[in-house]
Amino acid sequence: MSAAYFVVRAVVADAGKRAAFDSWYETEHGPDAVKAFGVSKAWRFWGLNDPSLHQAMYQFDDEAELAAALKGDALKQLAADFNRDWPEVERSRETLVLAQEFTM
């Protein structure tokens, strides 16, 4: 089975709020998501071409684990927390499955 990924893309349009968003994600939301999902790995990114773009990626062992997480109460609570703290931040979600890993 291949790893599966949950990606949340957020646009923090107000440059003056990015540091606060970054701190909140680093100290609260990110750790809460990792714990709630029980994932093996997670990453966060800020865009270089578009500095308002923030992406968080959570790695699940397989599609079944990802599907269960997406149907569970943990995602509902994490989304509610996000909406409460950052109602003006637009976001979208993607689900991915690993097709191939290249190594050198």
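**Notebook: strands, core and cavity**

I started in the sheet and found A42 standing opposite Y58 in β3. I note that this is a predicted model, in which local features need pLDDT of at least 70 and side-chain atom pairs count only at pLDDT 80 or more, while totals for chains, interfaces and linings use all residues. Residues are numbered from 1 along each chain as its sequence is written, and side-chain values use heavy atoms, with hydrogens and water left out.

**Strands.** I took helices (H or I, at least four residues) and strands (E, at least two) as DSSP runs, numbered from the N terminus. Strands count as paired if DSSP finds at least two bridges between them. I looked up the partners of β3. Strand β2, residues 41–46, runs antiparallel to β3 and is joined to it by six bridges. A hairpin of six residues connects β2 to β3. I then checked burial, where buried means under 20% relative accessible area, exposed over 50%, and partly exposed in between (1.4 Å probe, protein chains only). Six of the eight residues of β3 are buried, so by this cut-off the strand is mostly covered.

**Core.** I next looked for a nonpolar core, meaning buried Ala, Val, Leu, Ile, Met, Phe, Trp, Tyr and Cys residues joined through side-chain atoms within 4.5 Å. The largest has 21 residues, and F6, F21, F37, Y58, F60 and F82 have the most contacts inside it. At least two residues come from each of β1 (4–11), α1 (18–37), β3 (53–60), α2 (63–71) and α3 (73–85). α1 gives the most, five residues. I listed the contacts of F60, taking contact as heavy atoms within 4.5 Å. Leaving out residues up to four places away in sequence, F60 touches A3, A4, F6, F37, V39, E65, L66 and A69.

**Cavity.** I used a 1 Å grid over the protein atoms alone, where a cavity is a set of points at which a 1.4 Å probe fits but cannot get out, and lining residues have an atom within 4 Å of a point. Points are joined across faces, edges and corners, and a volume is the space filled by probe spheres set on them. I counted one cavity of 30 Å³ or more. The largest cavity holds about 110 Å³ of space. Of its 13 lining residues, F6, V8, H29, L75 and L78 lie nearest the centre. β1, α1, α3 and β4 (90–97) each supply at least two lining residues. For residue classes I counted Ala, Val, Leu, Ile, Met, Phe, Trp, Tyr, Cys and Pro as nonpolar, Asp, Glu, Lys and Arg as charged, and the others, Gly among them, as polar. The lining divides into ten nonpolar, one polar and two charged residues.

**Two single residues.** I checked R18, which lies in helix α1. R18 counts as buried because its relative accessibility is 18%. Beyond four places in sequence, R18 touches V12, A13, W46, P51 and S52. I then checked T103, in the segment after β4. T103 is exposed because its relative accessible area is 61%.

Notes
1 Å grid on protein atoms, 1.4 Å probe; cavity = no way out; pocket = protein on both sides within 12 Å on 5 of 7 lines; lining within 4 Å.
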